[in-house]
Amino acid sequence: MNANDADAPLVERVKLGDVKAFEMLVVKYQRRIERLIGRMVRDVDLVPDIAQETFVRAYRAIPQFRGESAFYTWLYRIAVNTAKKALVELKRDPTVSESALAAREDDDETSRVENELSDGETPDAVLASKQVAAAVNAAIEALSEDLRQAITLREIEGLSYEEIADLMNCPIGTVRSRIFRAREAIALRLRPLLDTREGSRW
Amino acid sequence: MSAGPENDSTLREHLSALVDGELKPGDAARACAAWRDDASCRATWHTYHLIGDALRSDDLASDGQHDAQFLKALRERLAREPVVLAPAPQGVESAPMRAVAVGGRRWGWRAPSAVAAGFVMVAGALVATREPERPAAVALAPTPVAKAAPSAAAEPILVATNPAAAPVGMVDGKFIRDARLDRYLAAHKQFAGSSALGVPSAFLRSATSDASNR
């Protein structure tokens, strides 16, 4: 197992039969995987289906995952292969989704936008996502310098706690606590946008 | 840390560290259990990751609703998959027991259905033994007697009743058979015509002698 892979603890648990650990990985990567597939398959209605298929395949294959690459790299490959296979099937059987093929052939910007706004991605959802992004950025600005630096080094630069501790010249425990407090402060601002009652839909 | 109280703040700090892969295996097990048992933990886990995604790129932001629906749909598909079990590494506490518990729950339905299947077989054999001249086709399906039929009360053959399945009823001495049963029998004609089933006791005996030969 790759010691640098942040997912190693969860992947180990999945291998021991803990399907809930796999769900945690799904929640972590589902947005990135859907974006990746969305860039390959223009029909937004198909994107969640292909993403689901990706995760099911990953779940089946996880006993063979040896950790030679990071888990996300491995998952990324599965997503690309799954999307390619879906595109081949789509060409062979156009009745599956004519809108998907039309979208691929027609690169006109306006029709693409219309397509992106169908079903899976309603204008409401797009607006809500923009609000979330704005709220996160506003919350980051409102953080104290220590907290902002810690969360930025972790989430944007991808540094480990140890590296951040070196950079910020503080113990690892402090790094961990700063990142946690930064997340809590941002989550507090997000909560009204995400749900009326916390956890009700999870 | 590992002996710390499981209050919400500690748990969320653990989740935060797990987001970054900086949590000890023992604490990771507890965090996974919290995810399993507590909806607010699931929401927190999602929010922490959403924050990271939104920081890295605006187009990864989400209102969360789609994400929750995605997981719900995937859960239904994963429930149909066999539980993953790979060779266990050392040092992950109590994980094998979890795996067994998960497996036990997932396949728990098998025991009752095996019992039910066994019951049906025994009932079928009973019916077949008691009523040799009854067509084997009918005897194969153990069924409750239709209470409305007076003549049915005198019928000695239908001793075993299975409330779950009622493909055959008896009304005024006539058999009313389920169309599904007919289709099943049509598809298995070779058994209906076989001498073994025609003389059920012979069939039973041959089974026992098979066992003693081993």
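This is a predicted model: local features need pLDDT of at least 70, side-chain atom pairs count only at pLDDT 80 or more; totals for chains, interfaces and linings use all residues.
How are α2(A) and α3(A) oriented to each other? Residues are numbered from 1 along each chain as its sequence is written, while chains are lettered from A and ligands numbered from 1 in the order in which they are written.

**View 1. Helices α2 (residues 19-40) and α3 (residues 47-61) of chain A pack against each other.** Their axes are 9 Å apart, at an angle of about 135°. Here axes are lines fitted to C-alpha atoms, for helices over the stretch in contact, and angles run from 0 to 180 degrees between N-to-C directions. The two helices are therefore oblique to each other; angles under 35 degrees count as roughly parallel, over 145 as roughly antiparallel, 65 to 115 as roughly perpendicular and the rest as oblique. Helices (H or I, at least four residues) and strands (E, at least two) are DSSP runs, numbered from the N terminus.

**View 2. Side by side, α2(A) and α3(A) make a right-handed crossing.** A crossing is left-handed if the near helix is turned anticlockwise from the far one by less than a right angle, and right-handed if clockwise. From α2(A), look for A:F22, A:V26, A:Q30, A:I33, A:E34, A:I37 and A:G38; they meet A:V47, A:P48, A:I50, A:A51, A:T54, A:F55 and A:Y59 of α3(A). Two residues are in contact if their C-beta atoms, placed from the backbone, lie within 7 Å. This contact divides into 10 nonpolar, 3 polar and 1 charged residues. Ala, Val, Leu, Ile, Met, Phe, Trp, Tyr, Cys and Pro count as nonpolar, Asp, Glu, Lys and Arg as charged, and the others, Gly among them, as polar.

**View 3. A:I37 sits in the largest nonpolar core.** That core (buried Ala, Val, Leu, Ile, Met, Phe, Trp, Tyr and Cys residues joined through C-beta atoms within 7 Å) has 76 residues, and A:I37 and A:V136 have the most contacts inside it. Helix α2(A) gives the most to this core, with 10 residues. Beyond its neighbours within four places in sequence, A:I37 touches A:V47, A:I50, A:A51, A:A79 and A:A83.

**View 4. A:N169 lies in the loop between α9 (161-168) and α10 (172-194) of chain A.** Although A:N169 is not a glycine, its phi is positive, about 55°. A:N169 is exposed, with 7 other C-beta atoms within 10 Å. A residue is buried if 20 or more other C-beta atoms lie within 10 Å of its own, exposed if 12 or fewer, and partly exposed in between, with C-beta atoms placed from the backbone.

**View 5. Helices α1 (residues 8-19) and α3 (residues 39-56) of chain B pack at an angle of about 40°.** Their axes are 10 Å apart, and the crossing is right-handed. B:L11, B:R12, B:L15, B:S16 and B:V19 of α1(B) meet B:C41, B:T44, B:W45, B:Y48 and B:H49 of α3(B).

**View 6. Chain B meets chain A through 60 residues of chain B and 57 of chain A.** On the chain B side, α3(B) gives the most, with 15 residues. That side divides into 33 nonpolar, 12 polar and 15 charged residues.
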